[in-house]
Amino acid sequence: MALRFEVLGRFNRARAAQLTLPHFVCQTPLFMPVGTQGTIKGLTTDQLEEIGCQIILGNTYHLALRPTSELIDELGGLHKFMNWPRALLTDSGGFQMVSLLHLADITEKGVTFQSPVDGKPMLLTPEESIQIQNRIGADIIMALDDVVKTTITGPRIEEAMYRTLRWIDRCIAAHKRPHDQNLFGIVQGGLDPVLRDICVRGLVDRNLPGYAIGGLAGGEDKDSFWRVVAQCTATLPEDKPRYVMGVGYPLDIVVCSALGADMYDCVYPTRTARFGTALVPEGVLKLKHRAMAEDTRPIDPTCACMVCKNYTRAYIHSLVTKDAMGSQLLSFHNLYYMMQLSKNLHSSIVQGKFPEFVCNFLQKMFPKGDIPEWVCNAMEVAEIDISSCCAPFRYIQATKVQSNLNEDEIQAV
Amino acid sequence: MNWPRALLTDSGGFQMVSLLHLADITEKGVTFQSPVDGKPMLLTPEESIQIQNRIGADIIMALDDVVKTTITGPRIEEAMYRTLRWIDRCIAAHKRPHDQNLFGIVQGGLDPVLRDICVRGLVDRNLPGYAIGGLAGGEDKDSFWRVVAQCTATLPEDKPRYVMGVGYPLDIVVCSALGADMYDCVYPTRTARFGTALVPEGVLKLKHRAMAEDTRPIDPTCACMVCKNYTRAYIHSLVTKDAMGSQLLSFHNLYYMMQLSKNLHSSIVQGKFPEFVCNFLQKMFPKGDIPEWVCNAMEVAEIDISSCCAPFRYIQATKVQSNLNEDEIQAV
């Protein structure tokens, strides 16, 4: 074990903690930007430090292809290579292989796929994934799991869950650097509470430094999503970090934190920036919209970031989709927004003001009080009273909330 | 754009000619096909100045009739005289002479007689500054420096001289020795997007295989954020595959150009210009194989660079720096 996890404050299930990793002392809850290729598109490491990033995620698959894990190892590890002094987390490589390569096939040995470099068949085994991650040198490394989309049903989910448990033992055996790299296990099991429970117990038995909740954020409805998170956070150990992979939208992060999760990652903030969309307390602001062309306000008047202090919506509108600078400025702002969200989650829990923070957050996002039902249900389980932000006497059925970049389909009943 | 320092806008004429193949130049102005809807449009001197008045830059450029230096024949003379007729229309149209400086542009191709007529004509109009246009378009370096030398010799001493479209660091050093003051070029940022960094030795191609394991910074003598934080190996892994590679190289290349500007200014102020020039040339041509056009220009500029030239070597440099600083040197 190469980390220390110290809970500094709680509110019911929510926790604010200090996570001490080999390269950095982090505060949770925290959001990790995804730096696929050893870089966050458009931002220097100075800027990432400036906005308060604590951990960056690197994609093992992309790094293994280019510049290769052997070269990274030779040059002293990924921290040194990309000049990032703080913490790094690498995923196992499995997800890209399944999501990017349609000829990928999963067997007991590992994930077989066609190399994008020369078309030859290749095999990523648990052993190989851990070996690559050992060379890259991140503070946290992820086990290779058998991940299936939550929209799939049938025996495949059970098969994947049990295989994930068999593979964790192979990952543990292959891990050469447990003294300075933390191997996290990933809970699978689809949307089936029984399978999820078996997987949690199995992983907890292996006494790992931390646990991730995987297989979500893949298109399942929000009601199923929060319930799986709630079940896992209720049964995973209190004294170890919980990482919900692939999440995500600010609202989802607030809900999962209320339920007791600590860490998150998603391409959303930077990807949506490249489509001209900014994250704001009200939800999103689409800079491409005609109305932005003459708007001389900053993206968010309450935001203290470099972009909001220096540039107008009109200027950014003139750049988006036509100049890379537009995407860059929006990426900077969006990541700053996510870092502030992380900071506010942590400090509001430490200060015993978490419910106020949640209400304030929801009020800004849903000024008419039309908070989606799944959020209300989750907050009830988290025992956070948000009645002051909910419009009284309105029964709202929200379907597929935030499926289309925060545009709710609300059916008033 | 939130830029608190100075801005300069060009007239719009060059892009119209270089980017739009259906552009046509007449006495009225430049007619072209609008890239938005294909309709015929006309950019006149009046229109160009009006647009620039609205944009509000510190320096604005007259609409000139610019021809490539590789063209010969009567078109060059026609363009030079039209440029003089157009400067009067630009002056008349300029609504903000109190806070925007209209620069005239000297045309005339490679013909000294035409260039002289144009210089005189523009100087007569008593403009705040003068540009030397129509160069950096593929002409040989020998012709290039001679036109610059002629213009700087005859343009007023007490007004800025701006050589448009220049360029390579070596060209800037030579033109400064000959008396020019201002330069612009897409080269540093464009070459960055092709993975090439500007260094004292010339250029460094980050795409090259040899960079993959090179843990040195781009330039160990450079104090910029990129050289202080990133290795060649890292940038190599990014170039052409991730926009960050281009960004980091753009940052470094522009820092390089700003340092070059600073060094030119301060070495002249401190009376150490010849030393600066020699040092610059020595780093770039360590074997002493300085191109002949540079030697000739420095002779006219009366800068003694004999200490950097290899003795007893007659080198004929043809089309120096035509291919991103790869000299074709024919030793004789």
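Colleague: Where is Asn207(A) found?

Modeller: Keep in mind that this is a predicted model. Asn207(A) has a phi near 50 degrees, positive in a residue other than glycine. As for its place in chain A, it is found in the loop between helix H8 (193-205) and strand S12 (210-213).

Colleague: Is Asn207(A) buried or exposed?

Modeller: The cut-off for exposed is over 50% relative accessible area. Asn207(A) has a relative accessible area of 57%, so it counts as exposed.

Colleague: And what is the class of Asn12(A), buried, partly exposed or exposed?

Modeller: Asn12(A) is not a glycine either, yet its phi is positive at about 55 degrees. Most residues other than glycine have a negative phi. Asn12(A) is found in the loop between strand S1 (4-11) and strand S2 (14-20) of chain A. Its relative accessible area is 40%, and the class between 20% and 50% is the one it falls in, so Asn12(A) is partly exposed.

Colleague: Now the backbone: which loop of chain A does Pro67(A) lie in?

Modeller: The peptide bond from Arg66(A) to Pro67(A) is cis, with omega near 10 degrees. Most peptide bonds are trans. Pro67(A) lies in the loop between helix H2 (60-65) and H3.

Colleague: What is omega for the cis bond that joins Val247(A) and Gly248(A)?

Modeller: Gly248(A) is found in the loop between strand S13 (242-244) and helix H10 (250-258) of chain A. The peptide bond joining Val247(A) to Gly248(A) is cis, and omega is about -10 degrees.

Colleague: On to the chains. How much area is buried between chain A and chain B?

Modeller: In terms of residues, 22 of chain A are in contact with 17 of chain B. Carbon and sulfur atoms give 54% of the buried area. The total between the two chains is about 1600 Å².

Colleague: Which elements give two or more residues to the side of chain A that touches chain B?

Modeller: By class, that side of chain A divides into nine nonpolar, nine polar and four charged residues. The elements that give two or more residues to it are helix H1 (45-51), helix H3 (69-74) and helix H4 (78-82).

Colleague: How far apart do the C-alpha centres of the two domains of chain B lie?

Modeller: Chain B is divided into domain 1 (8-165) and domain 2 (191-307). Their contact takes five residues from domain 1 and four residues from domain 2. The C-alpha centres lie 30 Å apart.

Colleague: Which residues of domain 1 of chain B lose the most area to domain 2?

Modeller: The area buried between the two domains of chain B is about 410 Å², with carbon and sulfur atoms giving 84% of it. Three residues in domain 1 together account for 84% of what that side buries. They are Lys141(B), Asp142(B) and Trp145(B).

How values were computed:
Residues numbered from 1 in each chain as written. Chains lettered and ligands numbered in written order. Predicted model: local features only at pLDDT ≥ 70, side-chain atom pairs only at ≥ 80, totals over all residues. Heavy atoms only, no water. Contact = heavy atoms within 4.5 Å. Buried area = accessible area lost by both parts, 1.4 Å probe. Helix = DSSP H or I, 4+ residues; strand = E, 2+ residues; numbered from the N terminus. Nonpolar A, V, L, I, M, F, W, Y, C, P; charged D, E, K, R; others polar. Domains from an automatic or database assignment. Buried < 20%, exposed > 50% of the residue type's maximum accessible area, 1.4 Å probe, protein only.
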